[in-house]
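Try each task before you read its solution.

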Amino acid sequence: MSDKIKRAVAALAALTALALGGAAIANATSGGGSETNAADEASGDGDGHVSAAIDRQARAAAERATGGVADGDVEPAEQADPIEDPNDQPTPKGAAYEVEISKDGQALKVFLDSSLKPIETQRDAG
């Protein structure tokens, strides 16, 4: 094999290795591993994800509205599922996000609209 072909094969192999390595790193940092997803499902978390910016803004809005501490999840609002949790109250109309808050030893959910304005606060059923 000529030197030119050997160098081309070596360069192609190097590029392939870099691409595969980059894909593996991207998958690891994005939480794409099955262990993370299984842990989220087991804990009841992972219903939905919001960006870091929305997470910060939603927590701040919920804390201002209630005077509590946003120490739980921030998730996209979903319709209550009475089969999954028979104590769930209906999700307020227009709710885009729900934030778990603690206030005076009570667990609460604050529902926010898409502009992060508070719509309703409910006792968290669990």
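**Exercise 1: Placing Thr91**

Thr91 sits in the loop that links β1 (74-76) and β2 (97-103); strands here are DSSP runs of E with at least two residues, and helices are runs of H or I with at least four, numbered from the N terminus. This is a predicted model, where local features need pLDDT of at least 70, side-chain atom pairs count only at pLDDT 80 or more, and totals for chains, interfaces and linings use all residues. Residues are numbered from 1 along each chain as its sequence is written, and side-chain values use heavy atoms, with hydrogens and water left out.

Task: is Thr91 buried or exposed?

Solution, step by step:
- Buried means under 20% relative accessible area, exposed over 50%, and partly exposed in between (1.4 Å probe, protein chains only).
- Thr91 has a relative accessible area of 14%, so Thr91 is buried.
- Beyond neighbours within four places in sequence, Thr91 is in contact (heavy atoms within 4.5 Å) with Ala77, Glu78, Gln79, Ala80 and Phe111.
- The Thr91 side chain also gets to the backbone oxygen of Glu78, at 2.5 Å.

**Exercise 2: Reading the sheet**

Task: in what order do the 4 strands of the open sheet come?

Solution, step by step:
- The order is β1-β2-β3-β4, with antiparallel pairing; two strands pair if DSSP finds at least two bridges between them.
- β1 and β4 (118-123) are the edge strands, each pairing on one side only.
- β2 and β3 (residues 106-112) run antiparallel, joined by 7 bridges.
- For Glu100, the bridge partner in β3 is Lys109.

Terms used
A polar contact is a pair of N or O atoms within 3.5 Å; within protein, one must be able to donate a hydrogen and the other to accept it, and residues adjacent in sequence count only if both atoms are side-chain atoms.
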